[in-house]
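Biologist: I would like to learn how to read a few features of a model. Please take them one at a time, with the general idea before the case.

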Amino acid sequence: MKAILTGFFTLGFLTLSSLASSQKLQLNDLGYFETRGVNIFVYSNQYTGMFNDEKNAGIEIIHHGIRTSTGGAVRLQNTPEQWDLVPSVVDRKIDRENNRIDVTLRYKDYDFDSRISVSPKDKGVIISVYLDRPLPEKLKGKAGMNLEFLPSSYFRKTYLVDERPGLFPLYPSSSTTIDSKSNKVLQFAGHTTFDDRGKDEYIVPGPLSVGKNIIMAPEDPGSTVKIESLSGDLMLFDGRDLAQNGWFIIRSIIPSGKTGNVLQWYLEPNSTDGWKRDPVIQFSQVGYHPDQKKVAVIELDKNDVPVQKASLFKVNSDGNTSERFSAELFDWGRYLRYNYLKFDFSSVREPGVYFIKYGNNSSNTFIISPDVYRSIWHPTMDIWFPVQMDHMMVNEGYRTWHGAPYLDDALQAPVNHEHFDGYKMGPVTDTKYKSLERIPGLNVGGWFDAGDFDIQTLSHVNVLLNLVDAWEKFRITRDETYIDQDTRFVDIHRPDGKPDILQQIEHGALNVVAQVENIGHPVRGIIVPNLHQYHHLGDAVNETDNLPYNPNLKPYESDDKSSGTMDDRWAFTNRMPFLDYSTAAALAAANRALKDFNRSLAERCLASAVKMWDENSNRPATSDQTGMQMFSGVSEMNAALQLFITTKEEKYSRRFLELLWPSLERASAGGRGGILTALQAIPFFENDFKSKLLPSVVKYKELADSYLKENPYGVPITSRGWGGNGVVINFAITNYYANKYFPEVIGQEYVLKGLDYLFGCHPYSNISFVSAVGTRSKEIAYGNNRADFTFIAGGVVPGLLLFQPDFLENKEDWPFFWGENEYVIDIGAAYVFLSNAAYDMLKNNK
């Protein structure tokens with residue numbers, strides 16, 4: 001696309017009409033408006049996520065292959081934040097006869113309905129808003145039509161408002177005013193994102209410009225959008241005045257006292273004549289082992305004519321290049337909106353630096369080397385996990401990542417409370433503590449779960465299991481981190497004579513054991529109570545005042561030992577057998593890793609694990625927490641296996657076998673079920689166990705092979721809500737164990753295709769999803785430093801989200817899409833295991 005854009009730029013500032021294609025937008029078979037280089041979705045994606053406005057719904061524009069606009073809807077604020085109210089969709093109708101899409105929206109809190117109608121006109125669309133009843137009194141001057149534009153798509157570009165020029169600000173600096181909180185529209189569940197320090201006020205952003213016509217980026221045909229108001233003014237706002245994840249917003253206020261067609265816009269994204277997306281050569285940015293299968297995928301625009309061959313070039317020591325391999329391409333076919341070719345260069349085994357050439361397009365360089373997987377996990381253990389360590393000060397050279405936070409942990413979460421991050425409490429606490437009573441002993445160990453700062457116990461459980469597995473299978477002794485629990489100090493790149501992986505297992509176990517010992521069972525999570533804390537960006541030590549809450553003091557008052565500010569994290573303590581069993585499994589495993597490293601903690605781990613087992617024995621492992629149901633069927637089975645491996649007690653092996661075989665029979669109908677747990681159990685049972693497992697592995701291979709038909713990458717690609725890299729990693733880990741014990745069924749390529757996908761052989765782009773790993777990797781991601789548009793080395797992002805019906809996305813220039821770019825600890829730990837597994841597997845090739 002660079003060549004196309006450069007060519008157009010040399011034409012100068014042409015009028016929009018001279019740049020636009022003659023093609024008009026048409027309603028296609030997938031239910032969105034389409035012409036060359038422009039797609040307009042009209043509620044193909046709805047506000048259905050648990051986090052309100054996730055910037056992935058409403059009227060959206062995919063402009064020359066990039067989603068640049070979202071949130072086209074009737075909204076109640078000038079610059080809606082994530083936690084502002086969003087409309088629900090009452091009805092969506094595709095009227096093919098009239099080439100139109102109609103959507104009825106509702107705000108239940110205000111008993112307010114509206115209808116948006118979108119239909120093509122000229123080279124754009126008409127957006128009309130209809131009301132059957134006049135605006136409610138409380139929404140006069142507040143309800144309006146909004147359309148949001150991604151700031152990073154318009155940085156360093158200009159706009160024209162009624163021919164008046166302006167620059168899109170790189171950093172927010174528009175004017176704001178203060179208004180009384182009584183005038184503010186409700187936010188989610190009565191929460192507030194603004195810490196007004198008791199002043200009962202809020203910030204009102206002012207517009208950058210106001211007029212009837214707005215042209216965005218007139219100098220850049222690839223980004224030019226024209227909006228004309230046919231009724232009332234258009235206002236241009238910068239949503240980043242309130243929140244770093246805000247967008248540029250075009251807005252018109254809905255007039256009061258009117259019904260029928262109350263507002264109308266003409267929207268015209270420029271369509272470049274003959275545009276087609278450049279081919280994307282997808283391959284592993286880390287490179288390849290000489291012995292492994294090496295297949296690149298080439299992603300093509302549906303209007304592109306495929307080239308028949310691709311070539312592999314080697315970069316020689318003198319800087320010159322030479323073609324080393326050429327082959328005809330395999331036409332895989334269509335997947336979602338693009339066509340795919342495959343280039344197999346497995347026969348090339350010579351170590352060196354290479355790149356792939358397809359037509360006039362060349363990839364960046366990558367390597368072929370027998371040591372290609374040796375150190376790919378180092379940034380994750382050396383940097384990512386230390387940075388995530390809770391209750392510790394973390395230093396790296398001249399930089400302090402964060403101070404020692406949350407020393408004021410924790411208060412008992414109140415009963416009958418639903419938290420904005422998905423946690424909730426029922427009518428009882430399931431503990432000896434009363435609502436908001438202090439729970440002692442929780443300000444130790446643990447990791448920040450993700451880009452935010454909560455402790456999520458299920459994630460800790462999965463981290464512990466994967467790190468223990470990596471320790472036991474590969475004896476990882478790498479030492480690059482100084483960790484002192486007594487002084488709560490961590491120093492990166494500073495060896496201390498202890499294996500880092502054992503110190504991380506210790507750190508995670510400290511918190512989980514503290515939960516069991518001080519509460520009686522593991523908690524769902526520990527998290528700040530206020531929404532204005534939750535979106536905190538910066539040093540974690542500043543999210544609370546680090547002083548235990550004292551109800552006898554006034555807010556913001558302190559006696560230097562305690563504080564009257566209710567900012568301490570809450571522990572959500574309702575008990576779940578599922579989580580008890582999962583915790584028992586992790587702590588039983590941690591006992592084995594720690595027994596020669598920290599014997600006292602190891603004994604506490606096993607005691608806690610046995611306590612959880614005994615108290616839940618023969619009770620169903622159920623769960624009512626969103627996202628956990630998929631794991632509940634194997635939690636007791638995992639606990640039984642880990643306790644058996646640790647204690648060798650027959651009661652655990654007996655229960656494991658009682659649960660395993662029915663689980664595998666249920667899974668044979670179409671899922672993996674407990675196959676991974678079964679494979680991990682093989683060394684601890686007699687040979688007939690392995691023989692009996694063979695049919696399930698053969699059945700599993702059928703599932704694994706089905707992905708080769710679903711997509712050109714041969715891995716499970718999940719759809720919406722959260723990117724699927726965790727699923728891909730676990731798929732590859734399962735394949736590692738299957739290959740280890742049944743190599744005649746599952747080949748090594750089933751393991752390595754997961755890493756290839758993670759490192760760049762995936763849809764949309766060819767970037768490595770592991771920051772600082774590979775030639776090109778995620779350099780802007782959703783870590784706790786996301787406001788700085790940067791990354792944390794070794795963090796693994798979730799990956800691709802599917803915007804219905806056919807658009808996969810992973811933004812490289814905007815960090816705030818958590819479903820695409822948020823690092824999480826359990827994926828990181830699984831990646832550490834998989835990386836070592838791949839290296840070990842290939843190292844042992846004969």
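Biologist: Which residues of α15 are buried?

Modeller: In this predicted model, a residue counts as buried when its relative accessible area is under 20%. In α15 the buried residues are Tyr 750, Val 751, Leu 752, Lys 753, Gly 754, Leu 755, Asp 756, Tyr 757 and Leu 758. That is nine of the ten residues of the helix, which spans 749–758, so α15 is largely enclosed by the rest of the structure.

Biologist: What do the buried residues of α15 pack against?

Modeller: They pack against α13 (687–710), α14 (725–741) and α17 (825–843). After α15 comes Gly 760, with a positive phi near 140°.

Biologist: Now a sheet. In which order do the four strands of the open sheet lie?

Modeller: Strands of a sheet pair through backbone hydrogen bonds, and the pairing is either parallel or antiparallel. Here the order is β31-β30-β37-β36, with mixed pairing. The edges are taken by β31 (399–402) and β36 (481–484); each has a single partner strand, so one side of each lacks a neighbour in the sheet. On average, neighbouring strands are turned by 20° against each other, direction ignored.

Biologist: How many bridges join β36 to β37?

Modeller: Four bridges join them, and the two strands run antiparallel, β37 covering residues 489–492. Within this pair, Tyr 482 stands opposite Asp 491 in β37.

Biologist: Which helix lies across these strands?

Modeller: Helix α3, residues 378–387, lies across β30 (393–396), β31, β36 and β37. The helix runs at about 150° to β37.

Biologist: Next, salt bridges. How many does the structure hold?

Modeller: Side chains of opposite charge can pair when their charged atoms come close. The structure holds 44 salt bridges. One of them joins Asp 382 to Arg 478, with the closest N and O atoms 2.7 Å apart. Asp 382 belongs to helix α3, and Arg 478 to the loop between α4 (457–474) and β36, so the pair ties together parts that are 96 residues apart in sequence.

Biologist: Which residue does Glu 517 meet in a salt bridge?

Modeller: The side chain of Glu 517 meets that of Arg 604, at 2.8 Å from N to O. This pair also links distant parts of the chain: Glu 517 sits in helix α5 (residues 500–519) and Arg 604 in helix α8 (residues 599–616), 87 residues apart. Glu 517 is partly exposed, with a relative accessible area of 42%, and Arg 604 is partly exposed as well, with 28%.

Biologist: Which residues are linked in a network of salt bridges?

Modeller: Such a network links Asp 53, Lys 55, Arg 75 and Glu 148.

Notes. Residues numbered from 1 in each chain as written. Predicted model: local features only at pLDDT ≥ 70, side-chain atom pairs only at ≥ 80, totals over all residues. Heavy atoms only, no water. Pairing = 2+ DSSP bridges. Axes fitted to C-alpha atoms, helices over the stretch in contact; angles between N-to-C directions. Contact = heavy atoms within 4.5 Å. Buried < 20%, exposed > 50% of the residue type's maximum accessible area, 1.4 Å probe, protein only. Salt bridge = Lys/Arg side-chain N within 4 Å of Asp/Glu carboxyl O.
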